[in-house]
Amino acid sequence: MADEPTYDLVVIGGGPAGYAGAIRAGQLGKKVACVEMERAGGTCLNWGCIPSKALLKSAELYRTMQHAEDFGFTVGDIKVDFAKVVERSRGVANQMAKGIEFLFRKNKVEYIRGKAQINVPGLVEITDGEDKGKILSTKNILIATGCRARMLPGLQPDGKRVMTAREILDRRDLPKSCIVLGAGAIGMEFAYFMNSFGCEVTIVEMLPNVLPVEDEEVSKFVERAFKKQGINILTDTKADNIAVTDDGVTLDAVKDGKPTPLKAESLLVAIGVGANMEGLLSKKVRLEMDRKYIKVDRHYNTSVKGIYAAGDIIGPPWLAHVATYEAVQAVNGIFGHGEPRPMERFPGCTYCQPQVASIGMTERDVKEKGLKYKVGKFPFTASGKAVAAAESDGFVKLIVAEEDGEILGAHITGHEATELIAEYALGMELEATWEEIHGTIHAHPTLSEALMEAAAATHGEAIHI
């Protein structure tokens, strides 16, 4: 009789999907190992979400201090030690990674630093790292290897002339000028960060709007705000003839067939992500794929029994909170702890200033589906708390079904938008209507009152506009 598998679950990848799935299995009393090739927390915690937010907070604080006189303070010249700004960011990432490692110990998760390959279902080999050659025998495997930044053909990030988000997060000096390819969340956040500290930034985006997945009104508002901050934005524009030289990067910004030459000290490529699959599967394991991502069913099963996948590796929306949700649901399903729930709706957030947060359908989506709807908008200029905080730029936009008042989509841009969106997310989960949001007493003065007023505005009942 063959030996019993050593583990109930082996998780490959230690990012927001992998570490969450491993911890959840530990909570359920299972014997679990998590294999991560770099450090617990994965890209998000070490080279993405967390350190970038630390940098953005420094940029926000610097901009606020430049307007100290508006608040009644007189200050001298504000000096920036850019290396310390970055070092603080790395320190935050390190602190949070230690936190995940503590949670592994707390939940009895075996943490293995190395690269893993699935030899056959039930057998995982460590192919690189201190435990190279070790074989893990397991009843179940959860793939959570995530994604990495896409790079244009012929370009290689060097941390100086050509960068992805990873390189800029560890760069101790600020380029004097930078071209940002891509106006999604990552491109916009780093454009804001660099511009805040004096870098001359040009954003090149192929699509008609920055933040293309957002509601068009929000995208246009943010574009105007960025231009006021001194950021050059070229939409409907393709980057062609990119060349790296000794003193910078050159390219042609092509719009309507007409090229405009651009030159900058550095180039930040933020054009999306690609799946981390290299070395993951032996020739004996073939998983069904969907556009280069692992295909799963509603229970996160792959096409091979005993192998599951969750997070960015199964495709968009490539968000850390979605990855965590999927992995926890997958593990619950693997061990019979309730019916795993598919991901149906999720908030999306961009942490530049003004911030952007949304959930559900855009107005464009609603129109394309032919739904009858109403829109309520409330500007932060009419919010007492926002004006008092000198953060009155932005608005809340709520889209509701005309017939029953169900929330179809919510879109916020402005101060703390990424925190405010949670109320609408919970409302949609509970199938709340605009009337129930409006009928909930919100504390005064708070920014959250704008959410109530936007709900009221869908039927012309807002008080303060």
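Predicted model: local features only at pLDDT ≥ 70, side-chain atom pairs only at ≥ 80, totals over all residues.
Local features need pLDDT of at least 70 and side-chain atom pairs count only at pLDDT 80 or more, while totals for chains, interfaces and linings use all residues. Residues are numbered from 1 along each chain as its sequence is written, and side-chain values use heavy atoms, leaving out hydrogens and water.

**View 1. Helix H3 packs against helix H4.** Helices (H or I, at least four residues) and strands (E, at least two) are DSSP runs, numbered from the N terminus. H3 covers residues 49-65 and H4 covers residues 82-106. Their angle is about 145°, and their axes lie 8 Å apart. Axes are lines fitted to C-alpha atoms, for helices over the stretch in contact, and angles run from 0 to 180 degrees between N-to-C directions. H3 passes H4 in a right-handed crossing (the near helix is turned clockwise from the far one by less than a right angle). Contact means heavy atoms within 4.5 Å. On the H3 side, Ile-50, Pro-51, Ala-54, Leu-55 and Ser-58 take part. Their partners in H4 include Val-85, Arg-88, Val-92 and Met-96. By class, this contact has nine nonpolar, two polar and two charged residues. Ala, Val, Leu, Ile, Met, Phe, Trp, Tyr, Cys and Pro count as nonpolar; Asp, Glu, Lys and Arg as charged; the others, Gly among them, as polar.

**View 2. Helix H11 meets helix H13.** H11 (residues 417-429) and H13 (residues 449-457) pack at an angle of about 50°, with axes 10 Å apart. The crossing of H11 past H13 is right-handed. Leu-420, Glu-423 and Tyr-424 in H11 touch Leu-451, Ala-454 and Ala-455 in H13. The contact has five nonpolar residues, no polar ones and one charged.

**View 3. Helix H7 has buried residues.** H7 spans residues 216-228, 13 residues in total. Its first and last C-alpha atoms are 19 Å apart, close to the 18 Å expected at 1.5 Å a residue (1.5 Å times one less than the number of residues). Buried residues (under 20% relative accessible area, 1.4 Å probe, protein chains only) include Val-218, Phe-221 and Phe-226. Among the elements covering the buried residues of H7 are helix H6 (185-196) and strand E22 (355-360).

**View 4. Asp-236 sits in a loop.** The loop joins E12 and strand E13 (238-245). Asp-236 is partly exposed, at 41% relative accessible area (partly exposed lies between buried and exposed, the latter over 50%). Asp-236 touches Glu-205, Pro-208 and Lys-255, among others.

Notes: Lists of a residue's contacts leave out its neighbours within four places in sequence.
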